[in-house]
Amino acid sequence: MERLSLSCFISDHEGFHGTIKNSPQEFVVIEIDINGQLVNSSNVQEDLTKSPSQTSQATKRDDKLKQSKPDDTDILNQDCFDLNIILGPDVNKELEQFTNKMRVGEQENVELSLGTYPDKHLRAVVHRAVRYNFPFLQTVTNQSEIRVREDPDFKELASLASEGEAEEFFRFIDAKVPGSAYTFLPDDSKEHRTSVHHFVSRRFGKLVETKSFTDQQKTSITVRLRERSKQPKKRTTADSQEEVTLYTAFTLRKENLETLEAISYMAAVLGVLPSDFTYAGIKDKRAITYQAMVVKKISPEWLLDKVSEFERRGMQISRVRPVSEPLKLGRLQGNHFDLVIRDLKPHEKHGLTGLQQLVKEAVENVKVNISTKNYFWIMCPSRPSRTCEASVKLFFTPEDGEDLQNKAKRHFLLTGNAKESLALMPAYKARERLMLRALHRYGSGQEGCIRGWLSLPHSMRVFYLHSYCSRVWNEAASYRLQKLGFKPVQGDLVWAGSEKGLKDTTEELNTPQVHVVTSEEEKDEVFSLDQVILPMPGNSVKYPENLLGQWYQDRLAQDGLGPCRFRVTPLKLNVPGCYRPLLAKPQNISYSLQATEEQQGQSDETCTTSLSLTFDLDASCYATVCLGEIMKSNLS
């Protein structure tokens, strides 16, 4: 079938040549949260998971500080471990006095009541907050009353190691992250190490395993949490203690890194799984980007403790705070772009003298009148594969470069030896290592490849399939504009719901609000091109009822796909499909031109012009497409 170029432009200005992404500093992307705030700004709301109806919560917290005990509903809404809020000022003050006396040895074997909490969720919040702030305390529940006392296990471990190590160890135990590990400081005394081994095995033997290892003639004890058993077991009193999951939100600044690569590295440093991180969207690699993230089972203090290790990989974190739930994909308003385009030149039929006017005309045309194509930016290999074995080979397709990850990929493609490739693969490349482990264990045949894909988080498996669907959508958009023009025609799909619903169609499928344009509506020009939507391929979407609908059918058939093929049972994937507006309009555009003199050789100087450009785009819209429309260049 005919393959069309994606270089289909809507506006009628001339455009110009230029280069982008000359350095990450000249392509800055800042996420805009659902409240319209930049995620790196100081006045952005503290909790990314709040809805607009919850914006007055800060005022409620101030009111609660005046009460001796907060209202139960307010406690459940807390996103932090502030005992002054959760327990109330009076009880918290009494608890602090109790712990101070305990630490100086003024009282032993004494308990303090924190009050009664009839709701088990409230009790879970109290248990978690007290243990988080005072690891040396033990919380017990007697019916609905919560009491605290000195934890004898903590006291024993502190006598064997140090109080600081005991605090870190108990927070590690409390997080209960399967497969994670904690390492005590080096200890030269075998007898002393034996005592620590015996303590940990006696107290937490069903939960952890211990092992001594020697590095540079120093011996340390590592405690690793056992993987959770698939068989149900009888819960003990200690296991039944109510808990809530710990979530920590932060803003990630990364430079010249893929979002998923950054997550893999952070997961390796923190000892959690990449799937424990949630985010609103994927950001560019060759750029400086800011985005909101939430990590599960990691405290703010533990995250901040690893800042120096993140910085070595070109990452910085800020605005670290506890929150109540993970971040959902697509939960953002859009992105703000701050870009520089260098080496500006007119297209061939214009001279240099008209360059400034060409740039002004192009930017103003898009700024005032024109929407741009709403293309997806393809961020990973997007070719479909008929077999699992072929898809695994695509997964390990290397990029240019001689770094370890590319060497490991090339080694696997050349030898098929998953074990040797795993030894070469860096620890922070979690996806690749998960796949290689599965291939080493189950082989590289059909079953092993299926096991390999299933070893990846579900969201990651969907991401790769979504990439292929995005490529098809982009080609469909170009076909629609080139073959059917710039007005809605009979058979086109348009969104019949609200404008807000139109922006949400990439998340929520709502077929009754999709309308097929009739011949009378085409003649009367009832709809505008801004209302036209195209389907992302899936097993539940409606396709256009014109030439474009036939194009979809032929395009998917060329790759051996039909609607039913978007339900991949062996890989536990089901892609229903969704809709996406054909056009997107940039907002808040501003620009400035700068002339720079550059030295060419020993004596010659040349003057080059650069364009600084800022604008906002809705979620899932990409700057390179907008720039292509402004410049009349295909930047993809």
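Modeller: The answers below set computed values against their definitions.

The model is predicted: local features need pLDDT of at least 70 and side-chain atom pairs count only at pLDDT 80 or more, while totals for chains, interfaces and linings use all residues. Residues are numbered from 1 along each chain as its sequence is written, and side-chain values use heavy atoms, with hydrogens and water left out.

Biologist: What makes up the secondary structure of the chain?

Modeller: The chain has 22 helices and 23 strands. These elements are DSSP runs numbered from the N terminus, with at least four residues (H or I) for a helix and at least two (E) for a strand.

Biologist: Why is Phe-199 called buried?

Modeller: Buried means under 20% relative accessible area, exposed means over 50%, and partly exposed lies in between, with a 1.4 Å probe and protein chains only. Phe-199 has a relative accessible area of 1%, and is therefore buried. This residue lies in helix H8, residues 190-204.

Biologist: Which residues does Phe-199 touch, not counting residues up to four places away in sequence?

Modeller: Contact means heavy atoms within 4.5 Å. On that basis Phe-199 touches Asp-153, Glu-156, Leu-157, Leu-160 and Phe-204. As for Leu-157, its C-alpha is 7.5 Å from that of Phe-199, although the two are 42 residues apart in sequence.

Biologist: Why does Lys-283 count as buried?

Modeller: Its relative accessibility is 3%, so Lys-283 counts as buried. Lys-283 lies in the loop between strand S10 (277-279) and strand S11 (288-296).

Biologist: With which side chain does the side chain of Lys-283 make a polar contact?

Modeller: The partner is the side chain of Asn-335, at 3.4 Å. A polar contact is a pair of N or O atoms within 3.5 Å; within protein, one must be able to donate a hydrogen and the other to accept it, and residues adjacent in sequence count only if both atoms are side-chain atoms.

Biologist: What makes helix H22 (residues 623-631) mostly covered?

Modeller: Nine of its nine residues are buried, among them Ala-623, Cys-626 and Met-631. Just after H22, Lys-632 takes a positive phi of about 60°.

Biologist: How is the packing of helix H18 (residues 458-484) and helix H21 (residues 547-558) described?

Modeller: Two packed helices are described by the angle between their axes and the distance between the axes. For H18 and H21 the angle is about 145° and the axes are 10 Å apart. Axes are lines fitted to C-alpha atoms, for helices over the stretch in contact, and angles run from 0 to 180 degrees between N-to-C directions. The residues that meet include Tyr-468 and Trp-473 in H18, and Leu-547 and Trp-551 in H21.

Biologist: How much of the chain counts as buried?

Modeller: Of its 636 residues, 48% count as buried.
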